[in-house]
Amino acid sequence: MKYLRFLMLLNFDNINLHYYQQFRYLLYQKREENYKEIQYYGNQFEGFQSFSYIRFNLLITKDYSQQQLILLIVITYKQLQFNMLASRSDSQLRSLENPDKQTMRGESSKRSDKLLEIPRKKLNMRLYTEQEQKIQNLINSKTVTISIIALVGIYAILIFVIVALEELMDETQFNNVSVILSWIELGILIVFILEIAVGLYAWGVMKYYKDKWLILDTLIILLSLFFVIFELADQKTSNVVKVIQAVFRFLRIFLLIRKAQTFRRLSTMSTISTPAEKIVRFLSELKEVIELESMKLDIDYCIDKIGNNQLYQMGKLDDDNAEAMGWLNQSQQGKSSVRKIVTVEQQQQQKKVLANFQRLNIPKRVLELLDKQHDDLYIDPFECDKLSGGEGLVYLMLFLFENYNLYDVFLIKPKVVRSYFEEVMRGYQDNPYHNRVHAQDVAQTCNFLLNRCKFIEIGQLDEQDIACVLIAGAIHDYGHPGLTNAFLINSKNELALTYNDQSVLEMFHPSQCFKIAWTNQKANIFESLTFQKYRRIRESIISMVLSTDMAHHASELAITNSRVAAPDFEPYGKDKQRLMDLVVHSSDVSNPTKSFEIYKQWTERVLTEFWLQGDKERELGLPISYLCNRYTTNMAEAQLGFIDYVVKPTFSCVQGFLPAFEPYLENLDKNKAKWQELVGYYKQQLASIQTQ
């Protein structure tokens, strides 16, 4: 979707509305019945000079189908690109090059009608008429879906009734009753046939049968219809036919499963309360059906721009978009002048905690460090790990459980918590980056956001919520092999096969940590919880760990930004879990917000881990992942992109609902400036490596 990126980022002071009028004319030629709608929107926006503003208003004010919407954007982009090409600079032309290496210069020589044919062929789409769209909306409506599911339920009962009566009655009695049941069955099957026919008309054969199960669905219904008609025409059927009928009756039960899945998808769709959320949802769904990787990257870019409210900013096409896309698809992750203000209430709490810590057997020096800096962004995790003899994660969690009175909430003793987090700590491998120190660092940063930035107060978190955030931070990378999801998928690793290539590691981490509790009674921190409390805690922890998957970073951040800006935003209500997810996710990528000395250590560690993966990919003949090539990756430039495209947008969103974080944002600019000074140094380092 490079065309969508182009429209959102380029703003011309005196754009010639002839391009937009020409777009309307071109679309009119493609689909005549849509001309009135396009003409209306064109008249509405003729007063605006920003083409991106025109295009986005068109997106959010009209419910086009996916194919129709893509084609609108493609045609606009191609026509604008064709006419504006001569005025662009060489650097901007390079930015506009397509992923397939077909340059703008080559495209500019083509006829405009050729340009219009490219997207249709490339995306394999067609425009739907207004009537087809109405039918699609009707079929997708909750009323129709529930009705079909109810009908399938009745049909399933009917099948079991037929089978039961056949066993209980003699042949004569059953034949009399079966005639009535067959007519009922025939009526239901006709309704199913009509549903399929209407669906084929509304979406077309290729689109409707993209789900291969629907082919089996249609085949079963048609054959069932044939056997019912055959039975009504001649009741003296052979034993072979009766056996085939029985098999098909049970095969029809699969209809119930398919319809139930459709309803479940419908019922789990969240209500979208803002136009921006609607567009983000649309783009996220669109990404799932597009196969071209370059388009997926561009969709991520668009989601990021919408989510960070950068849609209407004056700007230009930059040359480092590939770097931004790499960060959106890679799993990675200056001491400020902010003063620590300790209230009287906090001092009293600290005294209470210290008085109770004797029973926790935490070393004195570690306890003193945690007492002073347990909610400080600038605590040194490496020093804490050194003082604790490698058990910093365990001592931190013991301290925090005491600090928040979580032992009483979970109805457990400190030794159970110690046993559990000792098992968790042992599960972290000795990777350069994804290790026990990283887990401790993320859990402690979560506590910083909870306490120092007052998320506990703003989100009205109870003790269970606090425990969920802290536990999620501690376990979020348990058992991490030091390899990315992409590597595991490409190498057909057992984990990727187990979790079906979906958030592989993020699925694996909480799964193993819950197994620790339920396979070791001495370490089961959940044992005394009621079923309802355990269910709530489990769902919350899993949600937060899944939120650390960078594959969903752009879309989820965009939706959260939209929710924070929405008039019905409820950090203590319906938006609480989403914000808890972001607290853990932001803590996972928080290194650039900390002192440069600590940040640089983490950077060297994570790139070392990436480069080890790159060596394995080179050895196995796999594509080398982004940032994983030790011979081409400039450490400083990589961090500039990480700050600009991941960390700054993330913590800008955090600051939106946690205003107390605002003073810490300046650390990003300070650390970025230091990396910029080091770009030349790392270029020389790369050059020396490449010449060896």
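Q: Why is Phe-455 called buried in this predicted model?
A: Phe-455 has a relative accessible area of 0%. Buried means under 20%. The value falls below that cut-off, so Phe-455 counts as buried.

Q: What makes Phe-455 and Phe-657 an aromatic pair, and of which kind?
A: Their ring centres lie 5.9 Å apart. Rings pair if the centres are within 6.5 Å. The angle between the planes is 65°. An angle over 60 degrees counts as edge-to-face, so that is the kind of this pair.

Q: How do you know that this pair links distant parts of the chain?
A: Look at where the partners sit. Phe-455 is in helix H26 (residues 455–458), and Phe-657 is in helix H35. They are 202 residues apart.

Q: Is Phe-657 buried or exposed?
A: Phe-657 has a relative accessible area of 4%. Under 20% means buried, so Phe-657 is buried.

Q: How many aromatic pairs does the model hold by the ring-centre rule?
A: The count comes to 23 aromatic pairs.

Q: Why is the pair of Phe-448 and Tyr-664 called edge-to-face?
A: The ring centres are 5.1 Å apart, which is within the 6.5 Å limit. The planes stand at 85°. That is over 60 degrees, so the pair is edge-to-face.

Q: What parts does the pair of Phe-448 and Tyr-664 tie together?
A: Phe-448 lies in helix H25 (residues 436–451). Tyr-664 lies in the loop between helix H35 (635–657) and helix H36 (666–691). These parts are 216 residues apart in sequence.

Q: Are Phe-448 and Tyr-664 buried or exposed?
A: Phe-448 has a relative accessible area of 0%. Tyr-664 has 4% relative accessibility. Both values are under 20%, so both residues are buried.

Q: What makes Arg-538 a charge over the ring of Phe-514?
A: Arg-538 lies over the face of Phe-514, at 4.8 Å from the ring centre. The distance limit is 6 Å. Phe-514 also belongs to an aromatic cluster, whose members include Trp-518, Phe-526 and Tyr-534.

Q: What is the average pLDDT of the protein?
A: The average is 75, and 63% of the residues score at least 70. Over residues 74–127 the pLDDT is below 50. Where pLDDT is low, the predicted coordinates should not be read in detail.

Technical notes. Residues numbered from 1 in each chain as written. Predicted model: local features only at pLDDT ≥ 70, side-chain atom pairs only at ≥ 80, totals over all residues. Heavy atoms only, no water. Phe/Tyr/Trp six-rings, centres within 6.5 Å; stacked < 30°, edge-to-face > 60°. Helix = DSSP H or I, 4+ residues; strand = E, 2+ residues; numbered from the N terminus. Buried < 20%, exposed > 50% of the residue type's maximum accessible area, 1.4 Å probe, protein only. Lys NZ or Arg CZ within 6 Å of the ring centre and 35° of its normal. pLDDT = per-residue confidence, 0-100. Contact = heavy atoms within 4.5 Å.
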